[in-house]
Structure formats: structure tokens, C-alpha cells
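Welcome, and thanks for taking a look. Here are some notes to read alongside the model, taken point by point.

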2 protein chains.
Amino acid sequence: MSLKLYADSAFTSPYALSVFVALKEKGLSFELETLDLDAAANKNPAYRSQAITGRVPCLVHDGFALTESSAISEYLDQIFPAPAQRALYPTAPQDRAVARQIQAWLRSDLAALRTERSTHTVFYQRAERPLSAAAQEDAERLLAAAERWIQGSHLFEDWSIADTDLAVMLSRLVMNGDPVPQKLKDYVARQWQRDSVQEWLKRINR
Amino acid sequence: MSLKLYADSAFTSPYALSVFVALKEKGLSFELETLDLDAAANKNPAYRSQAITGRVPCLVHDGFALTESSAISEYLDQIFPAPAQRALYPTAPQDRAVARQIQAWLRSDLAALRTERSTHTVFYQRAERPLSAAAQEDAERLLAAAERWIQGSHLFEDWSIADTDLAVMLSRLVMNGDPVPQKLKDYVARQWQRDSVQEWLKRINR
Ligand SMILES: [Ca+2]
Ligand SMILES: [Ca+2]
Ligand SMILES: [Ca+2]
Ligand SMILES: [Ca+2]
């Protein structure tokens with residue numbers, strides 16, 4: 001069995017991070033290959049022949065290439081299921097639906113916040129400007145939603161990959177010193193401390 | 001059992017269309033309520049108390065409110081499963097993964113194409129300008145991917161909700177007279193002719 005993950009060489013893609021964490025939480029061994037997106041390495045024909053959309057991350061499992069991090073996590077949870085490997089999603093249909101909702105939302109909304117508080121500002125160099133009105137509005141919706149969703153240590157009874165995605169989105173505010181309620185700061189810190197996330201951060205810091 | 005779908009009053013949201021089609025393909029009865037997004041009806045507190053992110057569409061099933069169309073389709077497929085109701089996703093894990101990949105991709109990429117060939121130009125009034133370089137690049141990636149994915153009448157052995165989503169994205173080019181290979185035009189036309197899609201179009205035209 002072979003697993004290969006293509007990630008961005010700067011390690012700033014929150015979606016590559018999400019798949020990396022999913023693989024680590026599953027305890028799976030995988031090869032990691034990085035692409036220099038600044039040099040448009042994802043547009044070269046050899047990559048596009050596998051990753052049809054030219055996007056990063058891409059997971060190749062025994063020759064089957066799949067892009068889009070949420071689709072990859074779902075696939076991993078089906079092919080390497082609990083309890084042999086840790087579940088990436090909750091089991092109860094409504095919880096699972098909300099986990100999918102959160103993943104889909106974080107990938108398709110909050111554009112101003114994602115631009116002004118890029119993951120570069122999370123991992124390498126803090127943002128220098130205050131949030132625009134549009135990004136402020138995104139931040140307010142994000143914080144209001146997170147306050148409603150997060151009750152205990154995680155979104156649901158147990159950890160799920162949606163926790164990682166939500167924590168990364170919240171970290172855009174936390175790491176840049178934008179106002180975030182203490183409860184949500186604690187949530188981000190808890191997610192950040194997971195071994196799977198720490199393994200990713202090591203690659204940035206070395 | 002009660003099902004209520006919140007859609008946009010202009011019927012231009014491709015995501016509301018996707019959920020509407022999913023419900024119709026399942027043969028489910030549902031109440032339809034429209035929100036005037038131009039008047040920011042999705043931001044009012046009563047709506048936000050249910051639809052936490054303030055997004056459209058939102059499906060409310062026996063008091064459980066869920067947003068994000070791909071999460072809603074997955075939920076419907078789990079709660080109202082085949083064979084009693086038509087499957088919305090393929091069963092084989094790799095096919096299912098690709099269906100999810102396509103849905104996630106169409107929701108988070110191709111931004112220039114989506115802007116310059118909005119669904120308003122698909123349903124109401126054609127675009128007046130040629131595609132910019134960025135939108136042209138999006139169109140090329142979309143067409144190349146669709147050519148690789150679509151082999152027969154559908155993406156997979158049987159129809160899936162990913163066919164509807166892909167056909168709507170391709171229709172942005174087809175309806176505006178942008179170059180599209182005949183095979184893909186035929187695919188869009190076939191998807192457009194489904195009763196479930198025709199039911200949606202009736203609401204635009206009345
Ligand atoms: Ca670089
Ligand atoms: Ca909880
Ligand atoms: Ca209106
Ligand atoms: Ca096929």
C-alpha cells in the first residue's frame with residue numbers, strides 16, 4: 001500500500017495542513033512531496049495528469065489521485081476506518097452533517113478575512129494593517145458561529161478534522177492579535193498542541 | 001416529517017439549485033421559502049439563529065438546520081437512502097471520492113469565471129464582455145477536467161448530484177456562447193432536461 005501527499009513547499013496551504021493532520025491522526029505512513037506554487041509547479045503537465053484540477057493538496061493512494069482536502073479526509077475515513085484508525089468525522093448523522101457544513105463553509109466563505117489574514121501571517125510574519133470593514137464582518141460571523149458550535153474541548157464529543165480546519169481559520173485572528181474571546185483562544189491552543197499539528201509546524205520552523 | 005428549503009428569491013444561487021434538485025431527485029416533499037439577498041434577508045437575526053453562518057441555501061429537517069449544499073446532499077443521502085429513494089452519490093469509494101472532489105472544487109475555485117459568467121448571465125441576461133485572461137484560464141481548466149471526467153452520459157455509472165453541479169458550471173460558458181466542445185454541450189443539455197432541473201427553471205421563468 002502506498003500513500004503520497006503533494007503539499008505546497010511553503011507549508012502555508014491550510015488544506016494541505018488539513019490532509020497532513022488527517023494522515024497523522026490516522027497513524028498512516030506516507031511520502032510527502034512539495035510543489036513550489038510560486039513557480040507554478042502545480043501547473044506542469046506531469047502534475048496535472050494526476051491532479052486533474054491542478055490543485056494542492058493531492059493524495060495518491062495506490063495510483064488513485066484525489067484533490068480537495070475535504071474529499072481526501074472523507075476518503076481516508078472510509079478506506080482506513082475506525083476503530084482500527086482514529087475517526088476523522090463524528091458518527092451521528094447530524095454531527096457529521098455539521099462537520100461537513102463547517103469544512104465546506106471555511107473553504108468557500110470569509111474571503112476578505114482569508115486574504116487580509118493569510119496563513120503566511122499565521123506561520124511567518126504578522127499582518128501590518130487592521131482588518132477592513134469586509135474582513136471585520138467576516139471575523140464577526142466566524143466568531144459568532146464558533147461560539148455557537150464549540151461547547152467543550154471540541155466541536156463534537158470527540159476530536160474531528162473539522163476542529164483542525166476551524167482552529168486554523170480562528171488562528172488567523174489569534175496570531176495577528178485581533179480580538180478573540182478567551183474560550184476560542186483556548187480552543188485554538190488545544191488544537192495547536194496536537195502532535196499531528198505540531199508535526200506540520202516543525203516543517204515550517206526548520 | 002418536515003423539510004423546508006430556504007433559497008434566494010432570484011433563484012440564481014447554484015447551491016440552492018443543487019439542493020432543490022437533490023430534494024426533487026429524492027422525491028421528497030418540501031416547503032420552499034425564498035430570501036431576498038439584495039435586501040440582506042439572510043443577515044436578519046431570525047434567519048441567523050437557524051442558519052448560523054447566514055448562508056443560503058439552508059435546509060431545515062424536523063428542526064435541524066443545515067447550510068452548505070454539499071453537506072445537505074450528503075445528509076439527504078444518509079437520511080433518505082437508496083434504494084427507497086434515488087442515490088445522490090455513487091457507492092464505490094473512489095467514485096464517491098471524485099464526486100466529492102468535484103463538488104468541493106466547483107465551490108472553491110474558478111472565481112474569475114464565476115464572476116464574469118455569473119448565474120445571472122445563465123438564467124436572465126447574457127454577459128456582454130469576453131472573458132478576461134484569468135477567466136479564460138479558469139475556463140480552460142474546467143473544460144480540460146470535464147473532458148477527462150465525463151465518459152458517457154454522466155460522470156459515473158449513474159446520475160449523481162455532482163453532474164448537476166458540473167453542468168451548471170459548464171452552462172456559464174455554454175449559455176454565453178463561449179467555446180465549449182460539443183460533447184460537453186450535449187452533457188449540459190442532458191442534465192438540463194432532467195425534470196428536477198426543469199422544475200427549478202420554471203420558477204425563474206414565471
Ligand atoms: Ca516558493
Ligand atoms: Ca460540543
Ligand atoms: Ca432581489
Ligand atoms: Ca464515466
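Predicted model: local features only at pLDDT ≥ 70, side-chain atom pairs only at ≥ 80, totals over all residues.

1. The volume of the largest cavity is about 210 Å³. Sorted by class, its lining holds 7 charged, 6 polar and 4 nonpolar residues. Across the whole structure, the search turns up 3 cavities of 30 Å³ or more.

2. Next, have a look at the second largest pocket, with about 450 Å³ of space. It is lined by 21 residues, and the closest to its centre are Arg96(A), Arg100(A), Gln78(B), Arg96(B) and Arg100(B). H3 and H4 of chain A, together with H3 and H4 of chain B, are the elements that give two or more residues to this lining. Here the classes come out as 9 nonpolar, 8 charged and 4 polar residues.

3. How are the two chains related? Chain B is superposed on chain A by a rotation of 180° with 0.0 Å of shift along the axis, at an RMSD of 0.0 Å. The two copies are therefore related as by a two-fold rotation axis. To find that axis from the side of chain B, look for Ser108(B), whose C-alpha comes closest to it among the residues of that chain, at 2.6 Å.

4. Do the copies meet through the same surface or through different ones? Of the interface residues of chain B, 100% are also interface residues in chain A, so the copies meet through the same surface.

5. Finally, which residues are the protein donors of the calcium ion (ligand 3)? They are Asp36(B) and Asp38(B), each through OD, lying 2.7 Å from the ion. Are these two buried or exposed? Asp36(B) has a relative accessible area of 36%, so it is partly exposed, whereas Asp38(B), at 79% relative accessibility, counts as exposed because it is over the 50% cut-off.

Methods. Residues numbered from 1 in each chain as written. Chains lettered and ligands numbered in written order. Heavy atoms only, no water. Least-squares fit on C-alpha atoms with pLDDT ≥ 70 in both. Contact = heavy atoms within 4.5 Å. Donors = N, O, S within 2.8 Å, 3.2 Å for Na, K, Ca; no water. Buried < 20%, exposed > 50% of the residue type's maximum accessible area, 1.4 Å probe, protein only. 1 Å grid on protein atoms, 1.4 Å probe; cavity = no way out; pocket = protein on both sides within 12 Å on 5 of 7 lines; lining within 4 Å. Points joined across faces, edges and corners; volume = space filled by probe spheres on them. Nonpolar A, V, L, I, M, F, W, Y, C, P; charged D, E, K, R; others polar. Helix = DSSP H or I, 4+ residues; strand = E, 2+ residues; numbered from the N terminus.
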